[in-house]
Amino acid sequence: MSWLAVWACAVGLLAQKVAGAFVPRAWVSGERVRGVLTLLPVAMFGALTLTQVLGGTDGVVVDLRLVGLGTAAVALLLRAPFLLVVVLAAASTAGVRLLAAG
Amino acid sequence: MVSSSADVSTPDAVRTARRDGVGLGLLGVYGVSFGAVAVAAGLSPLQAVVLSAVGFTGGSQFAFAAVAAGGGAPVTGLASAWLLGVRNTLYAVRLSDLLPRRVPARIIASALVIDETTAMALRHEPYGRQAARAAFWTTGIGLFATWNATTVLGAFGVQALGDPAVLGLDAAAPAAFLALLWPYLRQGRTAVVAGSAAVVSLVAAFVAPAGIPVLAGGAVALVGLSRRVRG
């Protein structure tokens, strides 16, 4: 891989973040824009939760990550603290994988 | 619900935010996979390290390496990585009030704006901006440190940490995102927005290149808003 492509990738990714942080306040202070900005993360994390559980390198893959998400949902219903939710999701996925492999 | 939060948080809220951030920061050990995948794809170890240190966007970095591994043109890899990175721009706009005002510090902070730090900042924002900032910085610094340290290990062929999937760590990030969403899933309108966005992204995942599904899901926010304006 050429160094030009590597630097372009890395600096481009950094520039995307910095650009967002320096968007003039006036552009995003309208009531409608603020409304979108409040809902945007809710929509994007809804999308992200599912695509990270079912996303593969090529399209959609159903695997044992779903067990982790299910466990997380149950833990959240039982009002478990945040870190416990995350640990239980990882542990249940790892556990079922171990069982499936053995 | 979150945009009108106070500046000051209780010491308890800040402590919880820090603890959650430090915990989530450990997820950066996934860098060992990136290092190994990148080198297998034909990047030099140093190139993998530069991507993690400067680019610092896991999904984009994996996409870039995947295109290289498949023998694709560098331009395709760049397009794919940047497409996935577009959401960081939107996150940075949303987090604007939480980021430092002085320019050097603001640039450093924006380098840490990714899915996980945004999720953690927004999760703690209802408890005040102080808590949100504590969550953002602890998550960001923790992830940056572990992601880069383990990228070096993976790139130079150290397999001692093994495959993070064995530990179920690939299920940890989605669980964290679900936890962030949880309070919103208990309110009718935001639950509909999150649910519709998830469905839209899943449909998009079948037909569109990586990066598009989450943005397509984000577009649901626009529909959600226009419905509110009408109703």
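Me: Which domains does the domain assignment of chain A give?
Reply: Domain bounds come from an automatic or database domain assignment. For chain A, that assignment gives domain 1 (1-57) and domain 2 (63-102). The centres of domain 1 and domain 2 of chain A, taken over C-alpha atoms, are separated by 28 Å. This is a predicted model, in which local features need pLDDT of at least 70, side-chain atom pairs count only at pLDDT 80 or more, and totals for chains, interfaces and linings use all residues. Residues are numbered from 1 along each chain as its sequence is written, while chains are lettered from A and ligands numbered from 1 in the order in which they are written.

Me: How many helices and strands are there in chain A?
Reply: Helices (H or I, at least four residues) and strands (E, at least two) are DSSP runs, numbered from the N terminus. Chain A has four helices and zero strands, and its pattern along the sequence is α-α-α-α. The radius of gyration of chain A is 19 Å, well over the 13 Å that the globule rule gives for 102 residues, so chain A is more spread out than a compact globule. Here the radius is taken over C-alpha atoms, and the globule rule is 2.2 Å times the number of residues to the power 0.38. Along the principal axes, the C-alpha atoms of chain A fill a box of roughly 55 × 45 × 25 Å.

Me: Which residues have the most contacts inside the largest nonpolar core?
Reply: In soluble globular proteins, nonpolar side chains tend to be buried together. A nonpolar core is a set of buried Ala, Val, Leu, Ile, Met, Phe, Trp, Tyr and Cys residues joined through C-beta atoms within 7 Å. A residue is buried if 20 or more other C-beta atoms lie within 10 Å of its own, exposed if 12 or fewer, and partly exposed in between, with C-beta atoms placed from the backbone. The largest such core has 109 residues, and among those with the most contacts inside it are A:Ala43, A:Val85 and B:Ala175. Helix 2 (residues 31-54) of chain A gives the most to this core, with 12 residues. At least three residues come to this core from each of domain 1 (1-57) and domain 2 (63-102) of chain A.

Me: With what is A:Val85 in contact, leaving aside its neighbours within four places in sequence?
Reply: Two residues are in contact if their C-beta atoms, placed from the backbone, lie within 7 Å. On that basis the partners of A:Val85 include A:Ala72 and A:Ala80 in chain A, and B:Ala175 and B:Ala179 in chain B. A:Ala80 lies in the loop between helix 3 and helix 4 of chain A, and A:Ala80 is partly exposed, with 17 other C-beta atoms within 10 Å.

Me: Where are A:Arg79 and B:Phe56 found?
Reply: Most residues other than glycine have a negative phi. A:Arg79, not a glycine, has a positive phi of about 60°, and B:Phe56 has a positive phi near 40°. A:Arg79 is found in the loop between helix 3 (65-77) and helix 4 (82-101) of chain A, whereas B:Phe56 is found in the loop between helix 3 (45-55) and helix 4 (58-69) of chain B. A:Arg79 is exposed, with 8 other C-beta atoms within 10 Å; B:Phe56 is buried, with 26.
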